[in-house]
Amino acid sequence: MSEPKLDHRFGPYGGQYVPETLMPALAELEAAWLSARVDDDFQAELGRLLRDYAGRPTPLYLAERLSAAAGRTIYLKREDLIHTGAHTIHNALGQALLAVRMGKPRIIAETGAGQHGVASATACALLDLECVVYMGVEDIRRQAPNVQRMELLGATVVAVEAGARTLKEAVSEAIRDWVTNVADSHYIIGSAVGPAPYPAIVRDLQRCIGDEARAQILEREGRLPQRVIACVGGGSNAIGAFTVFVGDEDVELIGVEAAGEGIESGRHGAPLTAGGRPGVLHGSLSALLQDDEGQIAEAHSISAGLDYPGSGPEHAWLRDSGRATYVAVTDDEALAAFERTAQLEGIIPALEPAHAIHYALHVPSNSDLDLICLSGRGDKDLAEVLKLLGR
Amino acid sequence: MSGAERIAAAFSDRHGRAALMPYLMGGFPDIKTSLGIGNAYVDGGADLIELGVPLSDPLADGPVIQSAGSAALAAGATLDLVLGVARELSSCLPIILMCYSNAILARGTDRFVDELADAGVSGLIVPDLPLEEAPATSTSCAAAGVAFVGLAAPTSTDQRLAAIGAATQGFLYTVAVAGTTGERGDDSDYGEVIGRVRSHTSAPVALGFGISTPEQASAAAGAGADGVIIGSRLVREAAEADQPSAACKALVEQFAQALR
């Protein structure tokens, strides 16, 4: 076996816990990415699509009224303004281009909130690829507008009935499809999770968030932020925001998970915050919600994108190594931040980054300069939020 | 006798006949009934038994085994209870335990393997532990006398097959088709995958995934398989039959007949 050239392990975490059938495909993917990421033509095409089609760079916005409420300066990295409405488009475009390069005409994706499904369906429409998206029945219910968008874009949305019928089951079913159709299909995993080399590829494709934001805040403030705050489900927007700052020792990195109905209730999606034994889910070893027998627990969050019992392996290592801190915010707190951001800034955030905004607004800190990754917009959540708020 | 030796004995002296290895979902539909089904496999003419430990998220399994696993967990199945089934059955036939890597990690690898050996389990198959991730578990198995059985797939490169074929203990579990477990009606060309795998190993080659009729089992044996693994078809029988043990025994007899 040849030596891996992309990160396979982050400390003890990561790895490739998948059926043998997929191992050659993972090797092919790694080789394809190693060649594509240094190929000027590939990078030029991806750069062109990110700029002209998706709308990068996104603005860094000084949120004055949120800042006044928090008592410190808050900048929002406006990933909500990008095409399809969330950061997921970078990964989808990059991996879809990679699928074309590998000669794979069929794309498999899973989705929780629907954002990664929409991003994948969009990239497939643009690049003329077949697209099959797995989505839990519960998520189909609470994210109906995104299901309609995916279907309009020509994707096939497959309802997953197993288990809690959310993101975990959708990922499992997507991987089973890939095992079966690996010859002509590429699986675009939607977060910084899964077997190596996925976490490293997704990080490479999402790091534009932090790269841009670092340059923008230096230009605006002449200094780095004291804290970078991002929500973490699998953790793709967070790893994208954090990566460039990891070497900036004075910048605190904070990942905000879903505390759901409260960590103590057991109904949450916060494996990094809650601690516990590492385990294997969806092909990698990481922090996981599980019982003593290794049965994976069902996560709970108001936001479909954070409703996941696992976490990206690099986040588990950033936690253990002390470089990043992971905290959790409840459903009710996220709902309040959702409404507050709309009323103070005229921005409707997705429920996922509303968790990060709550943390910045309400948890005391000595920081006087926060950078929050506003990973997506909240249109998809409106119906669910209004119902929960009783309106 | 070590697990590998016991497995080797089950594959040898067969006068050219392929070994029959039915899959049993431990704890499905409940622990007691699953032991009864295992005994029915013994009575029906099985040569070895693959015993599954249910997991919440079984990536390599299709719908039949997934739902049986969920039902077993809902009925209270635990690793200890499944090992109890193994202990009973291992007095009759070699038992190959099939479980996912998280069940091993949860218990701790050394302790897990010691408990397998204590229950009389002969071999261990872990479908989500490819060669690169296997060293800790295979080392533990070697120390405890449990055969760590490798898996080969139709997509495996020759280079990987050589490494897998050299490392496997007891036999080589050969996945007949790219995909998850489940019944398949198509006439797969078993000869190609068996031929490729055999050129890379001296271990017996057992074929599984998708073999769901006595005719397919016979075709696999005819194509050179030393053993045939029957999974979803039997688990479905256990799920649907009024008398699971009797029905599974009759079905195993048909498969055994087809391999004579």
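This is a predicted model: local features need pLDDT of at least 70, side-chain atom pairs count only at pLDDT 80 or more; totals for chains, interfaces and linings use all residues.
**View 1. A:Val179, a buried residue.** Residues are numbered from 1 along each chain as its sequence is written, chains are lettered from A in the order in which they are written, and side-chain values use heavy atoms, leaving out hydrogens and water.

**View 2. Who touches A:Val179?** Leaving aside residues up to four places away in sequence, A:Val179 touches A:Pro19, A:Thr21 and A:Leu22, plus B:Ala178, B:Gly179 and B:Thr180 (contact means heavy atoms within 4.5 Å). A:Thr21 sits 158 residues away in sequence, yet its C-alpha is 6.4 Å from that of A:Val179.

**View 3. The largest cavity, about 400 Å³.** A cavity is a set of points on a 1 Å grid over the protein atoms alone where a 1.4 Å probe fits but cannot get out, and lining residues have an atom within 4 Å of a point. The volume is the space filled by probe spheres set on the points, which are joined across faces, edges and corners. Of its 31 lining residues, the closest to the centre are A:His87, A:Thr88, A:Gly190, A:Ser236 and A:Gly305.

**View 4. The second largest cavity, about 200 Å³.** Here 23 residues form the lining, and B:Glu50, B:Ile65, B:Tyr173, B:Thr181 and B:Phe209 are the closest to the centre.

Definitions and conventions. Buried means under 20% relative accessible area, exposed over 50%, partly exposed in between (1.4 Å probe, protein chains only). On a 1 Å grid over the protein atoms alone, a cavity is a set of points where a 1.4 Å probe fits but cannot get out, and a pocket is an open set with protein on both sides within 12 Å along at least five of seven lines; lining residues have an atom within 4 Å of a point.
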